[in-house]
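Here is a short report for a reader who is new to this structure. Please look over the sequence and the model first, then read on.

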Amino acid sequence: MHSIPGRRLIMGLFLIFLLLPIYWLVNMSFKTNAEIVSTMTLWPHTPTLQHYKRIFTDESWYSGYINSLEYVILNTIISISVALPAAYAFSRYRFLGDKHLFFWLLSNRMAPAAVYALPFFNLYSAIGLFDTPWAVALAHCIFNVPLAVWILEGFVSGVPREIDETAFLDGYSFPRFFIRILVPLIASGIGVAAFFCFMFSWVELLLARTLTSVQTKPIAAIMTRTVSAAGMDWGLLAAAGVLTIIPGALVIWFVRNYIARGFALGRV
Amino acid sequence: MDKTVNQKAWFLVLPVFLVVAFSAVLPLMTVVNYSMQDTFGNNQFFWNGVGWFKELLDPSTDLGGRFLASLGRNLFFSLVILAIEVPLGIVVALSMPRDGWTVAACLVTLALPLLIPWNVVGTIWQIFGRPDIGLLGYTLNAIGIDYNYVSNAVDAWITVIVMDVWHWTSLVALLCYAGLKSIPEAYYQAAQIDGASRWAVFKAIQLPKMNRVLLIAVLLRFMDSFMIYTEPFVVTGGGPGNSTTFVSIELVKIALGQFDLGKAAALSLVYNLIILIVCWIFYTVMTNAGSERKPQEGAA
């Protein structure tokens, strides 16, 4: 691959642009509130862990992380398990209305969450799922299931059809072929799809906030509580923000070679 | 590889169909139902026919004025961020290191903003831009630029745009990088033998190979920026005044703020229709690009 002159400089500047705001957040999370408000310091002069301590010891804070993880994981499992057979069907067969169905799925990936916030609220209240992780997990399926189908379809199409035919000749039944042969073959694809479901469910707030009230409030919604009569608790807000970046930063390492392919919906 | 016709494949698709239908079709029907009615609270509804839709498309009414103004702002926003993010993304992708550990380091750093919850992205920039405690706001004011995104509409716009560039340029860059990686080394060697200039290589080899991913990038960015809600809401709350109120923010204001269900539902439908049309263009272009590619690959 051939690059352009001055590429090190351009890359360096761009990475600094990306990292500087994040650094500022991390920096603030280690400062005392007095230091944040009174002086402008480029690094914490009196470093403190008080904000992190508060989050890890106060249940109303750390339960937010657990709530978020709960619906995110639930959503990932639902999305992948329904998307796998569909991805296989779209990749291997032609059937009545397949193109329309595919377009319909894609159109849901693109639907604005704001449109669905209120009807979802009514729907899940009516069936008694409001304020449970299931409500958010199901609501997030609207954009994650299409995404998972798209990504997995790309990976299934990469598996040669001869493998299916050989397996069926060897007397494998369809479910057995699916679980024993196909799933291991596209394991990396499943990993990538799971990562993207995890990610889009993790970063979404509007639906998650609308569909929960007390029991299952996501961390992102709890963060808004730092605004109080006594003013803003900036340090605490920053610490909570830093902690929401960590899960993404951890999983990203495992899929670094597939990131672009996933964002292109498996179409690169 | 031709696909075989098999209607039983519907059974494999059925779970997806049911899950998505449950979370898409049912709510959409509710929206259609609301859009024809008016409510005065207490769950009392009155038939209003297409009244809301008429009002929505008429700029002289309150609802129509707000909708069309936010639509205009949203389109302007989408165009501005596309004009910045696409060229910048290409330049960043071309600047990627060739090999070694720096490649992985760059990829991970690039992807980092994409994985931050959207409201935290808002929070990061809200803090970063504040004149009293934020590095950016403080520095700008210290060198004599009067910058305050809370009270000045232009500053608010700049902040929201820079935030979006920060958040999403990496996506364009990663997609372009994937496109560039698929170019065989032999192409470059041939170009070198022909004595092609750097610009000629970009125009004749790299750009055509990036066509497909660029298309995906442009359309994804257009649609996602067209539905943007959380980040500007956290930073500016749609203000000062209404200067950064985009369509989604206006919609949530009407639906959950004023609980004007009829108006909100009508707005939702028109909004969704616009997205659907753009999406259809996207899909058609994508599938056509896919079918055009095959004979080319066969020839190569």
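Glu85(B) and Arg221(B) form a salt bridge, with the closest N and O atoms 3.0 Å apart. A salt bridge here is a side-chain nitrogen of Lys or Arg within 4 Å of a carboxyl oxygen of Asp or Glu. The pair links distant parts of the chain: Glu85(B) sits in helix α3 of chain B, Arg221(B) in helix α9 (residues 198–226) of chain B, 136 residues apart. Helices (H or I, at least four residues) and strands (E, at least two) are DSSP runs, numbered from the N terminus. Both Glu85(B) and Arg221(B) are buried. Buried means under 20% relative accessible area, exposed over 50%, and partly exposed in between (1.4 Å probe, protein chains only).

This is a predicted model: local features need pLDDT of at least 70, side-chain atom pairs count only at pLDDT 80 or more, and totals for chains, interfaces and linings use all residues. Residues are numbered from 1 along each chain as its sequence is written, chains are lettered from A and ligands numbered from 1 in the order in which they are written, and side-chain values use heavy atoms, with hydrogens and water left out.

## Other salt bridges

Over all chains, the whole structure holds seven salt bridges. In chain A, Arg54(A) pairs with Asp233(A), and their closest N and O atoms are 3.8 Å apart. Arg54(A) lies in helix α3 (residues 50–57) of chain A and Asp233(A) in the loop between β3 (231–232) and α13 (234–252) of chain A, so the pair ties together parts that are 179 residues apart in sequence. Arg54(A) is partly exposed, at a relative accessible area of 38%.

In chain B, Arg66(B) and Asp62(B) meet in a salt bridge at 3.7 Å, N to O. They are four residues apart in helix α3 of chain B, so about one helical turn separates them. Arg66(B) counts as partly exposed, at 21% relative accessibility. Salt bridges that share partners join Asp62(B), Arg66(B) and Glu250(B) into one network.

## Two polar residues

Asn74(B) lies in helix α3 (residues 62–94) of chain B. Its relative accessibility is 0%, so Asn74(B) counts as buried. A polar atom of the Asn74(B) side chain lies 3.3 Å from the backbone oxygen of Ser225(B). Not counting residues up to four places away in sequence, Asn74(B) touches Ser225(B), Phe226(B), Phe246(B) and Val247(B).

Thr166(A) lies in helix α8 (residues 161–169) of chain A. Thr166(A) is partly exposed, with a relative accessible area of 42%. Its side chain reaches the backbone oxygen of Glu162(A) at 2.5 Å.

## The nonpolar cores

A nonpolar core is a set of buried Ala, Val, Leu, Ile, Met, Phe, Trp, Tyr and Cys residues joined through side-chain atoms within 4.5 Å. The largest has 186 residues. Phe90(A), Phe120(A), Val149(A), Leu110(B) and Tyr271(B) touch the most other members. Helix α7 (residues 133–157) of chain A gives the most to this core, with 17 residues. Domain 1 (1–48) and domain 2 (54–263) of chain A both give residues to this core, so it lies between them. These domain bounds come from an automatic or database domain assignment.

Leaving aside neighbours within four places in sequence, Val149(A) is in contact (heavy atoms within 4.5 Å) with several residues, including Ala83(A), Phe90(A), Leu105(A) and Val16(B). A second, separate core of eight residues includes Ile81(B), Val160(B), Val165(B) and Ile228(B).

## Between the domains of chain A

The C-alpha centres of domain 1 and domain 2 of chain A lie 30 Å apart. Seven residues of domain 1 of chain A are in contact with eight residues of domain 2 of chain A. The area buried between these domains is about 610 Å². Buried area is the accessible area (1.4 Å probe) that two parts lose on being put together, summed over both. Leu25(A), Ser29(A) and Asn33(A) supply 59% of the area that domain 1 of chain A buries against domain 2 of chain A.

## Where the chains meet

The contact takes 107 residues from chain B and 93 residues from chain A. About 9,400 Å² is buried between the two chains, and carbon and sulfur atoms give 78% of this area. The interface of chain B and chain A has zero salt bridges. Helix α1 (residues 9–35) of chain B gives the largest share of the side of chain B that touches chain A, 20 residues.

Conventions. Polar contact = N/O pair within 3.5 Å; in protein donor to acceptor, adjacent residues only side chain to side chain.
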